[in-house]
Amino acid sequence: GMFRKSEDLTPSQRCLAVRRMPSLLEYLSYNCNFMGILAGPLCSYKDYITFIEGRSYQLQQSEANGKEDTKYEQTDPSPNIAVAQKLLICGLSLLFHMTITKTLPVEYNIDDNFRATASWPVRFFYLYVSLMAARPKYYFAWTLADAINNAAGFGFRGYDKNGATRWDLISNLRIQQIEFSTSFKMFLDNWNIQTALWLKRVCYERATFSPTIQTFILSAIWHGVYPGYYLTFLTGVLMTLAARAIRNNIRHYFVESPAVKLCYDIITWMATQVAISYTVVPFVLLSVKPSLTFYSSCYFCLHIGSILVLLVFPLKRTQKGSKTHESIQPVWSKKLEEENLLQKNSYSTTNNSFSQKQEITCRYQALKE
């Protein structure tokens, strides 16, 4: 935000750029604030300092024509309903974890008797339900952390088209989209959202080669030293690339007819859930030996299948960074360029209100995108 030209930044980087060096108090406050010191979730410094300075409630709902709608603007919207809903989800997730999760241990997937007697359909079904049962503990922790921030007033994202408040600025997951995801990417986009956005900003958008591989490796290093993390994320690279290749090459054949698309969605949902479960088993088991025991008992079938998919289907090169955003929102990008030219000459105290308004509009549009 201080050492790179605005035209070299992506739209999201421009909106989150820090234009002033934080003071020591602001820096320590951001890193050690009581709301997120135990379980997060991660938030950008720009969003945090906007909340601390009391400007987060100034977000305005934008209409389709680009004009600002102040119809629903109000000061200090109440987070009570959002907090109550999230605490209810926490309670249900904790109850599920303390009852059903214990009856469906992931370790049973490598039990010798189970592997010897169960058929392949039964094994894959148990693989799915055991990994599904392992997720509520994450739902509990992340939703509770989100509720804590909302209770303090942090996390307000503006108003929807009906005027209802939105408290998902720093939410870490979307449970419905996770459980009904029809692609590997859809699952990852809705799981540990804030960390995924951080990885995208610091690695994927900046990588000069193989951004997907580099991002998965960085994610493994960030998680810790357990070998299971590395097995999971290296497997995730294969799954992501294979899923992308299949989607790019065959999906367009199944989207014209609603009935055909429904069948396609059901099949891709089943495949996605099995692939996700297969991939994250080492993440839960942590050690090398049990993880390799599981994969060898499956004959590394999805590893081999992913490699074959990558050999058969061409993988299109994906644009990333600013080019991708600009191709999606050309009008939005052009407007940003014009505003940044103005900002260079008007970032002073006398024009502070204009800068704040520009910053708020910019941040809302980036979040919306």
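This report describes the fold, helix packing, salt bridges and one surface patch of a predicted protein model.

The model is predicted, and local features need pLDDT of at least 70, side-chain atom pairs count only at pLDDT 80 or more, and totals for chains, interfaces and linings use all residues. Residues are numbered from 1 along each chain as its sequence is written, and side-chain values use heavy atoms, with hydrogens and water left out.

## Overall composition

The protein has 18 helices and 4 strands. These elements are DSSP runs numbered from the N terminus, with helices being H or I over at least four residues and strands being E over at least two. Of the 369 residues in the protein, 41% are buried. Buried stands for under 20% relative accessible area, exposed for over 50%, and partly exposed for values in between (1.4 Å probe, protein chains only).

The accessible surface comes to about 20,600 Å², and carbon and sulfur atoms hold 64% of that area. Accessible areas are from the Shrake-Rupley method with a 1.4 Å probe, and for residues only the protein chains shown count as cover. Among contacts with a separation of 6 or more, 68% join residues 24 or more positions apart. A contact requires heavy atoms within 4.5 Å.

## Helix packing

Two packed helices are described by the angle between their axes and the distance between the axes. Axes are lines fitted to C-alpha atoms, for helices over the stretch in contact, and angles run from 0 to 180 degrees between N-to-C directions. Angles under 35 degrees count as roughly parallel, over 145 as roughly antiparallel, 65 to 115 as roughly perpendicular and the rest as oblique.

Helix 12 (residues 227-250) packs with helix 13 (residues 258-285) at an angle of about 155°, and their axes are 6 Å apart. The two helices are therefore roughly antiparallel to each other. On the helix 12 side the meeting residues include Gly228, Tyr229, Phe233 and Met239, and on the helix 13 side they include Ala275, Tyr278, Pro282 and Phe283.

Helix 6 and helix 7 (residues 136-151) pack at an angle of about 20°, with axes 5 Å apart. That makes helix 6 roughly parallel to helix 7. Here Met132, Ala133 and Ala134 of helix 6 meet Pro136, Lys137 and Tyr138 of helix 7.

Tyr128 also belongs to helix 6 (residues 120-134). Tyr128 is buried, at 15% relative accessibility. Leaving aside residues up to four places away in sequence, Tyr128 touches Trp269, Gln273 and Ser277. The C-alpha atoms of Tyr128 and Val274 are separated by 6.0 Å, although these residues are 146 residues apart along the chain.

## Salt bridges

The structure holds 8 salt bridges. A salt bridge is a side-chain nitrogen of Lys or Arg within 4 Å of a carboxyl oxygen of Asp or Glu. Some of them are tabulated below.

| Pair | N to O distance |
|---|---|
| Lys86 and Asp146 | 2.8 Å |
| Asp112 and Arg115 | 2.5 Å |
| Asp168 and Arg166 | 3.8 Å |

Lys86 and Asp146 meet in a salt bridge. Lys86 is in helix 4 (residues 80-103) and Asp146 in helix 7, so the pair ties together parts that are 60 residues apart in sequence. Lys86 counts as buried at 13% relative accessibility, and Asp146 counts as buried at 5%.

Asp112 and Arg115 are 3 residues apart in helix 5 (residues 112-117), a separation of about one helical turn. Asp112 is exposed at 55% relative accessibility, whereas Arg115 is partly exposed with a relative accessible area of 24%.

Asp168 is partly exposed at 28% relative accessibility, and Arg166 is partly exposed with a relative accessible area of 25%. Salt bridges that share partners join Arg157, Arg166 and Asp168 into one network.

## Nonpolar surface patch

Val288, Leu292, Phe300, Ile304, Ile307, Leu308, Leu311 and Val312 form a nonpolar surface patch with about 730 Å² of accessible area together. Helix 14 (288-297) and helix 15 (301-312) are the elements that give two or more residues to the patch. Helix 15 supplies the largest share, 5 residues. Val288 has its place in helix 14 and is partly exposed, with a relative accessible area of 37%. Patches are made of residues with over 30% relative accessible area and no salt bridge, with like charges joined within 9 Å and nonpolar side chains (Val, Leu, Ile, Met, Phe, Trp, Tyr) joined within 5 Å.
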